[in-house]
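Me: I would like to go through this model with you and ask, at each step, what a given description rests on.

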Amino acid sequence: MTRAELERLPSAQLFQLCADNVSDDEYWAEFIRRYNPILVRSVYHAHQQLAQPPRLARSSLEDLLQTIYLQILKDDCLVLRRFRNQTETAAQAYLAQIALRVTANYLRRARAQRRQNKTLSLDEMAHSTQPPDQHLIRPPELPARLAEREIVKFLQRAFTHANSQRDIRLFLLHVYQGMSYSELQRTVARNLQPRSVASTLTRMKRRLRSLLSAPV
């Protein structure tokens, strides 16, 4: 297959070819050319949202990318085989969600390990005859937000109707902040009734289901 033919392949077809030809460098080189940048950006953005401090070391980025590709290859490339949508936008959002989930899980495990180490240190301090030099203060947990830049960009491409910016804000506040229809009506869309807010969000969810044929 020529370079031009590879570049014209629909996303779902490329995913299927990669899944069926795991050892074929031709298809995977095209996959990496198209989608490695979105995976890298998603890791960086998720790390900035969820990590403390937000700086991402190159070694950690490489570990996370390796984990993401292992997730893609897992179970005979099941995540690639499950994708059915043909659009490039949906493919990017699909892979971005995988990268976000892997990064969030990675950071969650890291925080748990730090808490365990801190507990051990406190236990040692409790049995020590030397007074501690300073109090240990547990940093606050950051909210696990998935509404990061790649997801917002995808929503902006998916919804371009009149009042789309307002509706996207309603969607994000409802999904990620848990605001009720009445709360959304009072704070964001005072010209609507709560039932109209509910109807708007229902239409948006149906539209997203049609774009993303497989859950991530």
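**Helix 2 against helix 4**

Reply: In this predicted model, the axes of helix 2 (residues 11-20) and helix 4 (residues 58-82) come within 8 Å, and they cross at roughly 175 degrees.

Me: Why is helix 2 called roughly antiparallel to helix 4?

Reply: Angles over 145 degrees count as roughly antiparallel, and the axes of these two helices cross at roughly 175 degrees, so helix 2 is roughly antiparallel to helix 4.

Me: What makes this a contact of helix 2 with helix 4, and which residues take part?

Reply: Contact means heavy atoms within 4.5 Å, and by that criterion Phe 15, Gln 16, Cys 18, Ala 19 and Asp 20 of helix 2 meet Asp 76, Cys 77, Leu 80 and Arg 81 of helix 4. Sorted by residue class, the residues of this contact divide into five nonpolar, one polar and three charged.

Me: How do you know what kind of secondary structure the chain has?

Reply: The chain holds nine helices and zero strands, and read along the sequence its pattern is α-α-α-α-α-α-α-α-α.

Me: What share of the residues counts as buried?

Reply: Buried means under 20% relative accessible area, and 38% of the 216 residues of the chain count as buried.

Me: Where is confidence lowest, and where is it highest?

Reply: Confidence is lowest in helix 6 (residues 149-158), at a mean pLDDT of 73, and highest in helix 2, at 94. Over residues 128-148, however, the pLDDT is below 50, although this stretch has 30 contacts in the model beyond near neighbours in sequence. Where pLDDT is low, the predicted coordinates should not be read in detail.

Note on methods:
Residues numbered from 1 in each chain as written. Predicted model: local features only at pLDDT ≥ 70, side-chain atom pairs only at ≥ 80, totals over all residues. Heavy atoms only, no water. Axes fitted to C-alpha atoms, helices over the stretch in contact; angles between N-to-C directions. Helix = DSSP H or I, 4+ residues; strand = E, 2+ residues; numbered from the N terminus. Parallel < 35°, antiparallel > 145°, perpendicular 65-115°, else oblique. Nonpolar A, V, L, I, M, F, W, Y, C, P; charged D, E, K, R; others polar. Buried < 20%, exposed > 50% of the residue type's maximum accessible area, 1.4 Å probe, protein only. pLDDT = per-residue confidence, 0-100.
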